[in-house]
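Me: I've got a model open and want to talk through it with you. Can we go piece by piece?

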Amino acid sequence: MPPVFPMLTVLSMFYYMCLRRRARTATRGEMNSRRAIESNTRALPINVEIVQYAKEVLDFSSHYGSENSMSYTMWNLAGIPNVYPSSGDFTQTAVFRTYGTWWDHCPSARLPFKRTPTTFCSQDYVELAFEEPVYPTAVHILETYHPGAVVRILACSANPYSQNPPAEVRWEVLWSEAPTKVNGPQARQFTPSIKQINFPTNLIRLEVNSSLLDYYTELDAVVLHGVKERPVLSLKASMIDMNDIDEDEDEEKYGCGMDTLNKQFNIVALREWPSNGYFDKLPYEIFHLGWGRIADAMKYSLKSSLIQLILSHLTVPDLCRLAQTCKLLYQHCCDPLQYIHLSLQPYWARINDTSLEHLQSRCTLIQWLNLSWTGNRGAISVSGFSRFLKVCGSELVRLELSCGHFLNETCLEVITEMCPNLQELNLSSCDKIPPQAFNHIAKVGSLKRLVLYRTKVEQTALLSILNFCSELQHLSLGSCVMIEDYDLIASMMGAKCKKLRSLDLWRCKNITENGIAELASGCQLLEELDLGWCPTLQSSTGCFTNLARKLPNLQKLFLTANRSVCDTDIEELAANCTHLRQLDILGTRMVSPASLRKLLESCKDLSLLDVSFCSQIDNRVVLELNANFPNVFIKKSFTQ
């Protein structure tokens with residue numbers, strides 16, 4: 001009988017190799033020197049668990065509240081709970097700007113980017129700093145109204161309170177899931193099962209998707225549980241899946257390291273392939289047209305078109321992987337025609353100067369570019385962004401830069417010089433751009449859409465933009481606190497922006513009936529107008545009646561929190577704005593059920609009617625209206 005020792009040795013070596021492949025808890029610098037064993041089992045309790053509430057809110061993409069108060073703002077997420085375990089609509093909570101799908105069905109809605117991975121569904125985010133860096137063991141999110149919006153939780157390796165910023169910033173996904181519909185608006189403590197990571201963190205990011213919600217989600221606090229030292233993991237019942245042998249698989253699927261993506265982008269050394277793989281084996285009948293040389297040319301053209309069509313459905317990382325398979329596919333995967341529309345937002349944590357450099361040769365024909373959320377904490381430099389636009393900006397029509405905190409005046413100057421065909425520019429929540437920098441935007445006379453939500457654009461720069469950008473159709477000035485005289489701005493719009501179709505003046509503090517009159521007289525193509533939380537507008541001046549009579553094309557009108565809206569205004573809307581689809585009159589005390597019935601009978605396309613906190617509209621009235629007008633979503637919010 002042959003000895004069993006060689007067989008045991010082979011099995012031991014195989015088991016050891018598998019364990020090495022599974023060990024991914026060491027940092028990049030430690031990977032070659034030692035490995036920590038990782039498994040899905042529970043960590044052994046070797047440390048005392050530290051429980052922390054968020055110390056500070058560092059960054060966020062949007063919020064419902066004002067920049068100069070605490071009501072409904074993201075800053076409410078710092079500290080201990082204000083509301084939990086109570087349920088209802090409370091001003092002391094954190095609320096994002098939108099919910100549901102209503103914003104996707106209005107004139108200002110933007111077309112989505114193709115190639116967006118199905119796993120990326122985040123619409124908003126907030127980043128929270130905690131006092132002590134820990135290895136997370138749990139994250140508790142206290143949701144007090146309409147829960148279920150959180151879709152991703154991430155941890156960052158950078159300590160926001162450190163005096164020495166790291167050379168490389170890593171983000172790791174602790175948990176992610178597709179948006180789900182939660183039954184009922186009641187409060188809950190959301191504690192998903194999180195992944196263990198190999199670095200301590202005191203910077204947590206929540207990403208949300210509110211598309212399935214019936215109203216705004218409200219968050220009260222976030223609690224981080226963790227230990228100071230890396231947990232020792234139990235190896236009991238640690239089964240090794242053969243699918244986990246690939247060392248890079250988990251990082252590509254869950255991680256946010258930059259190296260992996262950049263290696264995919266930087267495909268420079270190619271083998272010599274003897275053939276084009278199975279594409280050479282496609283049936284002759286597909287391409288043969290029987291026309292001699294013309295047939296050969298069309299055969300090649302059809303083959304190329306077929307390949308291009310197939311590849312157009314792949315995400316950017318998949319294109320990079322496929323490019324390494326054969327010469328034919330490499331040529332097609334790197335073809336600039338595959339990068340006409342490019343969204344890098346899903347890969348925000350992995351995009352840096354090197355990424356943009358590797359993409360330059362492929363983006364020479366790019367027309368749509370989405371760099372929203374990218375480049376923060378030094379990942380993209382001003383010089384790196386400028387170099388990319390100098391090569392790839394000439395054909396750009398649409399540029400999305402939401403929450404791009406690396407942007408400064410030089411960047412805006414480069415955009416206006418290198419992108420002569422630009423029609424859409426989104427600078428939403430780019431609150432680090434200095435006020436004077438916005439003057440450069442006036443040089444882009446072809447602009448049709450400009451989003452300046454939560455920016456520090458000042459009045460002089462905005463007047464210059466309105467004067468020279470007469471092609472504007474969509475303009476967002478929500479929460480722009482540096483504007484001193486909105487009546488003057490409205491007057492300039494009425495005089496210069498005759499093609500304006502949508503206008504967002506959310507939380508504009510000083511517009512009056514005079515500005516509204518100038519706006520309504522000059523911009524009669526307006527289909528969407530947001531005057532939510534504009535306290536200086538009073539119905540008694542006739543401003544809302546004037547709007548209804550001058551703007552018959554209105555489809556969306558938000559008069560949120562204007563207590564003076566009355567029956568006369570609603571009846572004027574019913575008589576003149578029959579195309580109305582969305583109306584928000586939250587908070588008014590002077591609208592009766594009778595006027596709402598007239599509106600619903602007249603506006604057959606109405607799909608959203610928010611009557612929350614309208615004192616004359618009780619739940620009984622809402623039930624009656626819902627029964628008689630089932631196609632309209634009538635929202636009645638209340639506080640318990």
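Me: First thing I clicked on was Phe 385. Is Phe 385 buried or exposed?
Reply: Buried: its relative accessibility is 0%. Keep in mind that this is a predicted model.

Me: Which element is Phe 385 in, and what else is buried there?
Reply: Phe 385 lies in helix H9, residues 382-392. The buried residues of H9 are Gly 384, Phe 385, Ser 386, Phe 388, Leu 389 and Cys 392.

Me: And what covers the buried residues of H9?
Reply: The cover includes H8, strand E11 (368-370) and H10.

Me: Let's do aromatics. How many aromatic pairs are there in the whole structure?
Reply: A search of the whole structure turns up 18. In one of them, the ring centres of Phe 385 and Phe 406 are 5.4 Å apart and the planes are at 65°, so that pair is edge-to-face.

Me: Why does 65° make it edge-to-face?
Reply: Because planes over 60 degrees apart count as edge-to-face, and Phe 385 and Phe 406 have theirs at 65°.

Me: Where does Phe 406 sit?
Reply: Phe 406 is in the loop between strand E12 (398-400) and helix H10 (409-418), so its pairing with Phe 385 ties together parts that are 21 residues apart in sequence. Phe 406 counts as buried too, at 10% relative accessibility.

Me: Which rings are linked into a cluster?
Reply: Ring pairs connect Tyr 64, Tyr 72, Tyr 99, Trp 103, Tyr 145, Tyr 215, Tyr 216, Trp 506, Trp 533 and Phe 558.

Me: Which charged ends sit over a ring?
Reply: Arg 205 has its charged end over the ring of Tyr 125, 3.7 Å from the centre. Arg 398 does it over the ring of Trp 368, with 4.6 Å to the centre.

Me: Back to that E12-H10 loop. What does Ser 402 touch?
Reply: Ser 402, in the loop between E12 and H10, touches Ser 372, Trp 373, Asn 426, Ser 428 and Cys 430, leaving aside residues up to four places away in sequence. Ser 402 is buried, with a relative accessible area of 9%.

Me: What about the backbone of Trp 373, what's its phi?
Reply: Positive, about 75°, although Trp 373 is not a glycine. Trp 373 sits in the loop between E11 and H9 and is buried, with a relative accessible area of 3%.

Me: And phi of Arg 454?
Reply: Near 60°, again a positive value in a residue other than glycine. Arg 454 is in the loop between strand E14 (449-451) and H11, and with a relative accessible area of 5% it is buried.

Me: While we're on backbone, which residues does the cis peptide bond join?
Reply: Tyr 84 and Pro 85, with omega at about 15°. Pro 85 lies in the loop between strand E2 (56-60) and strand E3 (94-95).

Me: Switching to helix packing. How do H11 and H12 pack?
Reply: H11 (residues 459-468) and H12 (residues 486-496) pack at an angle of about 10°, with axes 9 Å apart. That makes H11 roughly parallel to H12.

Me: Who's in that contact?
Reply: From H11 you have Gln 459, Leu 462, Leu 463, Leu 466 and Asn 467, and they meet Leu 488, Ile 489, Met 492, Met 493 and Lys 496 of H12. By class, the contact has seven nonpolar, two polar and one charged residues.

Me: How do H12 and H13 cross?
Reply: The axes of H12 and H13 (residues 513-522) come within 7 Å and cross at roughly 10°, and H12 and H13 are therefore roughly parallel to each other.

Me: Which residues make it?
Reply: Asp 487, Ala 490, Ser 491, Met 493 and Gly 494 come from H12, and Asn 514, Gly 515, Glu 518, Leu 519 and Gly 522 from H13. The class count for H12 with H13 is three nonpolar, five polar and two charged.

Me: One more residue. Where is Tyr 347, and what does it touch?
Reply: Tyr 347 is in the loop between strand E10 (341-343) and helix H8 (353-359). Beyond residues up to four places away in sequence, Tyr 347 touches Arg 115, Pro 117, Leu 261, Thr 315, Val 316 and Pro 317.

Terms used
Residues numbered from 1 in each chain as written. Predicted model: local features only at pLDDT ≥ 70, side-chain atom pairs only at ≥ 80, totals over all residues. Heavy atoms only, no water. Axes fitted to C-alpha atoms, helices over the stretch in contact; angles between N-to-C directions. Helix = DSSP H or I, 4+ residues; strand = E, 2+ residues; numbered from the N terminus. Parallel < 35°, antiparallel > 145°, perpendicular 65-115°, else oblique. Contact = heavy atoms within 4.5 Å. Nonpolar A, V, L, I, M, F, W, Y, C, P; charged D, E, K, R; others polar. Phe/Tyr/Trp six-rings, centres within 6.5 Å; stacked < 30°, edge-to-face > 60°. Buried < 20%, exposed > 50% of the residue type's maximum accessible area, 1.4 Å probe, protein only. Lys NZ or Arg CZ within 6 Å of the ring centre and 35° of its normal.
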